[in-house]
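Here is a short tour in questions and answers. Look at the sequence and the model first, then read on.

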Amino acid sequence: MNRIKEFLAIKGMSQTDLAHQLGKSFNTVNLYAANKVQPPISVLYTIANILKVDVRDLLVSNINK
């Protein structure tokens, strides 16, 4: 699970903007943001760089607290 959609809203960026910067289609980014498909690690790092966040912030913890 990822928090891409949440950080796009925080940063005021649209999925279309992210798609253009990633060189991916809107549909691909939409699948990432909706958590229907998880991006490869290399793409997740690129997304983190574009959003200027730590890559770990984009991930939902797998440990229940």
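Helices (H or I, at least four residues) and strands (E, at least two) are DSSP runs, numbered from the N terminus. This is a predicted model, where local features need pLDDT of at least 70, side-chain atom pairs count only at pLDDT 80 or more, and totals for chains, interfaces and linings use all residues. Residues are numbered from 1 along each chain as its sequence is written, and side-chain values use heavy atoms, with hydrogens and water left out.

Q: Where does Asn2 lie?
A: Helix H1 covers 4-11. Asn2 sits in the segment before helix H1.

Q: Is Asn2 buried or exposed?
A: Buried means under 20% relative accessible area, exposed over 50%, and partly exposed in between (1.4 Å probe, protein chains only). Asn2 has 6% relative accessibility, so Asn2 counts as buried.

Q: Which residues is Asn2 in contact with, leaving aside its neighbours within four places in sequence?
A: Contact means heavy atoms within 4.5 Å. With those neighbours within four places left aside, the partners of Asn2 are Tyr32, Asn35, Gln38, Pro39, Leu58 and Val60.

Q: What distance separates the backbone nitrogen of Ile4 from a polar atom of the side chain of Asn2?
A: A polar contact is a pair of N or O atoms within 3.5 Å; within protein, one must be able to donate a hydrogen and the other to accept it, and residues adjacent in sequence count only if both atoms are side-chain atoms. Between the backbone nitrogen of Ile4 and a polar atom of the Asn2 side chain, the distance is 3.0 Å.

Q: How many salt bridges are there?
A: Side chains of opposite charge can pair when their charged atoms come close. A salt bridge is a side-chain nitrogen of Lys or Arg within 4 Å of a carboxyl oxygen of Asp or Glu. By this rule, the count is two.

Q: Which residue forms a salt bridge with Glu6?
A: Glu6 is partly exposed, because its relative accessibility is 38%. The closest N and O atoms are 2.7 Å apart, and the partner is Arg3.

Q: At what angle do the axes of helix H2 and helix H4 cross?
A: Two packed helices are described by the angle between their axes and the distance between the axes. Axes are lines fitted to C-alpha atoms, for helices over the stretch in contact, and angles run from 0 to 180 degrees between N-to-C directions. The axes of H2 (residues 15-22) and H4 (residues 41-51) come within 11 Å, and they cross at roughly 115°.

Q: Which residues of H2 and H4 make the contact?
A: From H4 come Val43, Thr46, Ile47 and Ile50. From H2 come Leu18, Gln21 and Leu22.

Q: How do the residues of the contact of H2 with H4 divide into nonpolar, polar and charged?
A: Ala, Val, Leu, Ile, Met, Phe, Trp, Tyr, Cys and Pro count as nonpolar, Asp, Glu, Lys and Arg as charged, and the others, Gly among them, as polar. This contact of H2 with H4 has five nonpolar, two polar and no charged.

Q: Within what distance do the axes of H2 and H3 come?
A: The axes of H2 and H3 cross at roughly 115°. They come within 9 Å.

Q: Which residues in H3 meet H2?
A: The H2 side brings Gln15, Thr16, Leu18, Ala19 and Leu22. Facing them in H3 are Phe26, Val29, Asn30 and Ala33.

Q: Is Val29 buried or exposed?
A: Val29 lies in helix H3. Its relative accessible area is 0%, so Val29 is buried.

Q: How exposed is Phe26?
A: Phe26 is found in helix H3 (residues 26-33). Its relative accessibility is 40%, so Phe26 counts as partly exposed.

Q: What is the phi of Lys52?
A: Lys52 sits in the segment after H4, and is exposed at 70% relative accessibility. Lys52 is not a glycine, yet its phi is positive, at about 60°.
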